[in-house]
Structures are given as structure tokens and as C-alpha cells.
Amino acid sequence: MIELNLVKKHLNVDEEFTEDDAYLQVLIEAAVAHFESTTQRPLVQENPTDTAVVITREIEIGLLMLIGHWYNNRESVVIGGVVSELPLSTQTIWNKYRFKSL
């Protein structure tokens with residue numbers, strides 16, 4: 001759905017560094033699943049339906065931002081630093097794709 005090399009480029013991870021590749025693949029799959037559960041719509045590469053959404057650059061940047069956040073913040077709390085809430089950018093980007101029932 002989203003290429004590993006694009007994720008590594010977004011994260012500024014050298015393509016030759018492969019130790020985290022399996023972990024990054026898990027994050028990619030989890031980000032796609034998060035999009036689908038948040039919007040209640042499956043994400044597809046092509047052939048959209050009434051409910052399925054084709055991945056766009058806008059959706060892709062939301063996936064990259066979420067993967068980057070998860071990669072750089074591997075725990076649910078921060079210890080020893082200034083605590084601040086992260087903006088919910090993915091929600092802003094993805095909200096318009098949310099399935100709205102009648």
C-alpha cells in the first residue's frame with residue numbers, strides 16, 4: 001500500500017539500514033488499519049467502490065506522519081521531558097474520508 005523505501009525516506013533512515021525493516025512494515029500495516037478503522041472505509045490501490053477509498057497523496061502523507069510518530073515515540077508516555085500533546089494531523093487529513101451513514 002505504501003512502499004518501505006518511501007517510509008524510510010520520510011523518516012530519514014538510510015535505505016541500507018535494514019534492522020528496522022520488519023518493524024517498519026508492521027507500522028505500515030498498522031497505519032493502514034488505523035485509517036480503515038478511523039474512516040470505516042477500506043483503503044485500496046485502485047478500483048474504488050461505494051465504500052472503498054483509493055489511496056491519495058493526502059492519505060499517504062497522513063500514513064507517513066502516523067508511522068513517523070509511532071517510530072519516534074515507541075512508548076505511550078514520555079519520561080523526563082516537557083509533556084505536550086501532539087496535534088491530531090491525521091484526523092484532520094482523514095476526516096473527510098470518514099464513512100457517513102444516512
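pLDDT is the predictor's confidence in each residue, from 0 to 100. I started there, as this is a predicted model: local features need a pLDDT of at least 70, side-chain atom pairs count only at pLDDT 80 or more, and totals for chains, interfaces and linings use all residues. I also noted that residues are numbered from 1 along each chain as its sequence is written, and that side-chain values use heavy atoms, with hydrogens and water left out.

**Entry: confidence**

I found that the protein chain averages a pLDDT of 88, and 89% of the residues score at least 70. A reminder to myself: where pLDDT is low, the predicted coordinates should not be read in detail.

**Entry: the fold**

I looked up the helices and strands, which are DSSP runs (helices: H or I, at least four residues; strands: E, at least two), numbered from the N terminus. The protein chain has 4 helices and 2 strands, and from the N terminus on I read the order α-α-β-β-α-α. Next came contacts, meaning heavy atoms within 4.5 Å. Of those between residues at least 6 apart in sequence, 63% join residues at least 24 apart.

**Entry: surface and burial**

The protein chain exposes about 7,100 Å², and carbon and sulfur atoms supply 52% of that area. Accessible areas come from the Shrake-Rupley method with a 1.4 Å probe, and for residues only the protein chains shown count as cover. Buried means under 20% relative accessible area, exposed over 50%, and partly exposed in between. Of the 102 residues, 32% count as buried.

**Entry: the core**

In soluble globular proteins, nonpolar side chains tend to be buried together.

I then followed Trp94. Leaving aside neighbours within four places in sequence, its contacts include Ala31, His34, Phe35, Ile59, Leu63 and Leu66.

**Entry: tyrosine 71**

The structure holds 2 aromatic pairs. Rings of Phe, Tyr and Trp (its six-membered ring) pair if their centres lie within 6.5 Å; planes under 30 degrees apart count as stacked, over 60 as edge-to-face and the rest as tilted. Tyr23 and Tyr71 form a tilted pair, 6.3 Å centre to centre with 35° between the planes. Tyr23 lies in helix α2 and Tyr71 in helix α3, so the pair ties together parts that are 48 residues apart in sequence.

Is Tyr71 buried or exposed? Tyr71 is buried, at 12% relative accessible area, whereas Tyr23 is partly exposed at 31%. I also saw that the charged end of Arg74 sits over the ring of Tyr71, 4.5 Å from its centre. That wording requires NZ of Lys or CZ of Arg within 6 Å of the ring centre and within 35 degrees of the ring normal.

**Entry: loops**

Val13 is in the loop between α1 and α2 and is buried, at 13%. Beyond residues up to four places away in sequence, Val13 touches Lys8 and Tyr71. Asn12 is found in that loop between α1 and α2 too, but counts as exposed at 72%. Its phi is near 60°, a positive value in a residue other than glycine.

Technical notes
Buried means under 20% relative accessible area, exposed over 50%, partly exposed in between (1.4 Å probe, protein chains only).
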